[in-house]
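Please open the structure in your viewer and keep the sequence beside it, so that each selection can be found in both places. The tour goes from stop to stop, naming what to select and then saying what is there.

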Amino acid sequence: MSKLLEGKRGIVFGALDEQSIAWAVAEKCHAHGASITLTNAPVALRFGKINELAEKLNTIVIPADATSIEDLENLFDKSVEHLGGKIDFILHSIGMSLNVRKGRPYTDINHEWMKKTFDISAMSFHKVMQVAYKKDVMNDWGSIIALTYMAAQRTFPDYNEMAESKALLESFARSFGYHFGIKNNVRVNTISQSPTMTTAGSGVKGFDSFFDFANKMSPLGNADASSCADYCISLFSDLTRMVTMQNLFHDGGFSNMGINAAALNK
Ligand SMILES: NC(=O)c1ccc[n+]([C@@H]2O[C@H](COP(=O)([O-])OP(=O)(O)OC[C@H]3O[C@@H](n4cnc5c(N)ncnc54)[C@H](O)[C@@H]3O)[C@@H](O)[C@H]2O)c1
């Protein structure tokens, strides 16, 4: 196998368990020759399996609540120290909605929880990039990716306030992509992924039947976590150096479908 990330250094946010998209990305980064550090919220370290992954990939876990600037500063300092130099790529794979978790409908939102949801699921992306920018820890021609969902563009009622979180997240990629591009050719993109069986995914009401619907509607079927990881590797690699400020659909064709017989007959 050709190693697309040989000699590169990265930070992977959001691996909770084997189901996590970030878990698959971390494994593939390692297989492609990159050195990475792993990070997740301190609470996730207690009930997740990230330490097992770190052991397997021979790396360390640096706890960081992605809403805390102080934690992020510590994360970048420790990552640069552990990896022995500046960073080439970052995966932001973080999402959590308090209103979804607590079953609040979109028309009866708790707005304090909504602020927290936006902070965790979207502003954390700006915070990660701002800390990296101010510390000047990104290597020239580096690559930063966040994972998103098509509810940012179209209405999926059960996705609730996560739709606005994702719209904000995608906008941060465009705006910071400009500033990071000007600074030192760092690119910033979002990948809009198919429904995927993970802890975050299955928290959405009716997820199983929607997963099945999307699978039938997409000419290639739903993209799984492993193929999402392949796409991330290509975007971290030097083969995609001129791609920036984009929202890239990785969904087996779902986003450009109207209707088809398989979905109609479901
Ligand atoms: N699963 C899907 O159907 C799907 C589809 C499109 C996009 N996505 C996106 O992919 C990303 C990864 O989700 P996943 O599906 O792999 O689920 P997941 O539950 O495995 O990952 C979500 C991660 O966010 C972390 N997190 C939550 N709060 C945090 C905080 N304050 N600081 C740091 N980390 C925190 C969790 O600990 C967890 O590791 C999310 O952005 C999600 O919205 C998922």
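The stops below start with the sheet, go on to the helices on it, and end with the core, the ligand and some single residues.

Before selecting anything, note that this is a predicted model, in which local features need pLDDT of at least 70 and side-chain atom pairs count only at pLDDT 80 or more, while totals for chains, interfaces and linings use all residues. Residues are numbered from 1 along each chain as its sequence is written.

**The sheet**

Select the strands, which, like the helices, are DSSP runs numbered from the N terminus (helices are H or I with at least four residues, strands are E with at least two). Six strands form an open sheet in the order 2-1-3-4-5-6, with parallel pairing, where two strands pair if DSSP finds at least two bridges between them. Strand 2 (35-39) and strand 6 (247-250) stand at the edges with a single partner strand each, so one side of each has no neighbour in the sheet. On average, neighbouring strands of this sheet are turned by 20 degrees against each other, direction ignored; the axes behind such angles are lines fitted to C-alpha atoms, for helices over the stretch in contact, and angles otherwise run from 0 to 180 degrees between N-to-C directions.

Now select strand 3, residues 87-92, which pairs in the parallel sense with strand 4 over five bridges and with strand 1, also in the parallel sense, over three bridges. Within strand 3, F89 stands opposite G10 and also opposite S143 in strand 4, while H92 stands opposite A146 in strand 4.

How many residues of strand 3 are buried? Six of the six are buried, so strand 3 is largely enclosed by the rest of the structure; a residue is buried if 20 or more other C-beta atoms lie within 10 Å of its own, exposed if 12 or fewer, and partly exposed in between, with C-beta atoms placed from the backbone.

**Helices on the sheet**

Select helix 6, residues 111-135, which packs on the sheet and touches strand 3, strand 4 and strand 5, its direction making about 165 degrees with that of strand 3.

Continue with helix 1 (21-31), which is mostly covered, as eight of its 11 residues are buried. Among the buried residues of helix 1 are I21, W23, K28 and C29. After helix 1 comes G33, whose phi is positive, near 90 degrees.

**Core and ligand**

Select V12, A15, A22, V25, A26 and C232, which touch the most other members among the 58 residues in the largest nonpolar core; such a core is a set of buried Ala, Val, Leu, Ile, Met, Phe, Trp, Tyr and Cys residues joined through C-beta atoms within 7 Å. A second, separate core of nine residues includes V100, M150, M162 and V204. Returning to A22, and leaving aside neighbours within four places in sequence, you will find A22 in contact with V12, F13, G14, A15, L91 and S93, contact meaning that the C-beta atoms of two residues, placed from the backbone, lie within 7 Å.

Which residues come nearest to the ligand? Of the 28 residues around the ligand, these are S20, G95, T198, A200 and G201, where being near a molecule or strand requires a C-beta atom, placed from the backbone, within 6 Å of it. Helix 1 and strand 4 (138-148) each supply at least two residues of this shell.

**Single residues**

Select K8, in the segment before strand 1. Is K8 buried or exposed? K8 is buried, because 23 other C-beta atoms lie within 10 Å, and, leaving aside neighbours within four places in sequence, K8 is in contact with A34, D88, F89 and F236. The C-alpha atoms of K8 and G85, which are 77 residues apart along the chain, are separated by 9.6 Å.

Finally, compare two backbone angles, remembering that most residues other than glycine have a negative phi. W141, in strand 4, has a positive phi of about 65 degrees although W141 is not a glycine, and with 13 C-beta neighbours inside 10 Å W141 counts as partly exposed. M245, in the loop between helix 9 (225-236) and strand 6, has a positive phi near 60 degrees and is partly exposed, with 17 other C-beta atoms within 10 Å.
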